[in-house]
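I am opening a notebook page for this protein and will write down what I looked up, entry by entry. Where a term needs a cut-off, I note the cut-off beside it.

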Amino acid sequence: KLGFVVIDEQHKFGVMQRDLSMKKGEMPDTLVMTATPIPRSLALTIYGDMDISLLKEKPKGREEVLTYWVGEEKREQVYDFLRREIKEGRQAFIVYPRIDKDNSLGLLSVTEMYQKLGKEVFPDLKLGVLHGRMKPEEKKNAMEFFRNKEYDILVSTTVVEVGIDVPNATVMFVEHAERFGLAQLHQLRGRIGRGKHASYCILMADVKTDEAMERLDAMAETDDGFKLAEKDLDIRGPGEFLGTRQSGLPEIRFGNIVKDFDIMEEAREEAFKLVEEDPNLKDEHNAGIKQNIIERFRGKIEI
């Protein structure tokens, strides 16, 4: 007798996973939530049959997070900045894309850098480590120690991108930032700026593609998640509207879903009116519409 489904952090779930959870009852009411904004144009397309609420205001008293992206040549300056913030009583995250070293990729990892930072860079500071292969109790303890200021720096993978609230942490330093998507970088940035102190997100990157440059420039230009979502959509493409692929150009184009929002909104209103008047498209005037839908979406929807 499932009557109500809440899907939190919906961007973490695949299309089929979300669909399966909503089929476990007989038409249960469904609330889908995320702090990673979906472009309003894409939301209108994918969730056109849902009411959409946007909470765009920051909690009272939150300071702006200043974001910079830098190259390897700025490493020592970044380390000096982290040290100054910690001297002021603040804390910092340092995030890496991998748990273990992989020589073939040439990426820094959590395990190797936790040792190096502790011995060579910040030997006088207290460092903690956190990654997905640790036991649940170990992860819980690491976060508790950090939250209680027993660690100055938490060296981590992206496991910290959701559900972490440490108001005293004011620096998010992301290594190999070019390897992360805009949504993930925005989520990581959301781990800081949660207290009364000014906060800083520093993205260190080895930029080799125009796409990576666009992502990092966007992060430095705005902390508006909705603008970033539109930019992400513009860079990656929206994926399939009625399929499971969630990036890349769609198989069927409906104009430009970033720039044509007004006409999409008008079309949605017209579609709702049509379905209300003729839900099965049986009227002879609507036969052409029905046939067009069948041909366009054959195998993707039931008609």
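**Entry 1**

I began with V155, which counts as buried because its relative accessibility is 0% (buried means under 20% relative accessible area, exposed over 50%, and partly exposed in between, with a 1.4 Å probe and protein chains only). I then looked up its place and found V155 in strand β6, residues 153–156 (helices, H or I with at least four residues, and strands, E with at least two, are DSSP runs numbered from the N terminus). Leaving aside residues up to four places away in sequence, I listed what V155 touches: I94, Y96, V110, Y114, L117, L127, G128, V129 and L130 (contact means heavy atoms within 4.5 Å). For L127 I also noted that it lies 28 residues from V155 in sequence and 7.1 Å from it in space, C-alpha to C-alpha.

**Entry 2: what I am working with**

I must remember that this is a predicted model, in which local features need pLDDT of at least 70 and side-chain atom pairs count only at pLDDT 80 or more, while totals for chains, interfaces and linings use all residues. Residues are numbered from 1 along each chain as its sequence is written, and side-chain values use heavy atoms, with hydrogens and water left out.

For the protein as a whole I noted 10 helices and 8 strands, and that 39% of its 303 residues count as buried. Among contacts with a separation of 6 or more, 69% are between residues 24 or more positions apart.

**Entry 3: aromatic pairs**

I looked up 5 aromatic pairs (rings of Phe, Tyr and Trp, the last by its six-membered ring, pair if their centres lie within 6.5 Å; planes under 30 degrees apart count as stacked, over 60 as edge-to-face and the rest as tilted). Y79 and F173 form an edge-to-face pair, 6.4 Å centre to centre with 85 degrees between the planes. Since Y79 lies in helix α3 (residues 75–87) and F173 in strand β7 (residues 169–174), the pair ties together parts that are 94 residues apart in sequence. Both Y79 and F173 are buried.

The rings of F81 and Y200 have centres 5.0 Å apart and planes at 85 degrees, so this pair is edge-to-face. It links distant parts of the chain, with F81 in helix α3 and Y200 in strand β8 (residues 199–204), 119 residues apart. F81 is buried at 18% relative accessible area, and Y200 counts as buried at 19%. I also noted a cluster in which ring pairs link Y79, F122 and F173.

**Entry 4: two packed helices**

How far apart are the axes of α7 and α8, and at what angle do the helices pack? Helix α7 (residues 210–221) and helix α8 (residues 225–236) pack at about 175 degrees, with their axes 10 Å apart. That angle makes α7 roughly antiparallel to α8 (under 35 degrees counts as roughly parallel, over 145 as roughly antiparallel, 65 to 115 as roughly perpendicular and the rest as oblique). From α7 the contact uses E211, E214, R215, A218 and M219, and from α8 it uses L228, K231 and I235.

**Entry 5: two loop residues**

K149, in the loop between α5 (136–147) and β6, has a positive phi near 65 degrees although it is not a glycine, and it is partly exposed at 49%. H176, in the loop between β7 and α6 (182–189), has a positive phi near 55 degrees and is buried at 14%.

Terms used. Axes are lines fitted to C-alpha atoms, for helices over the stretch in contact, and angles run from 0 to 180 degrees between N-to-C directions.
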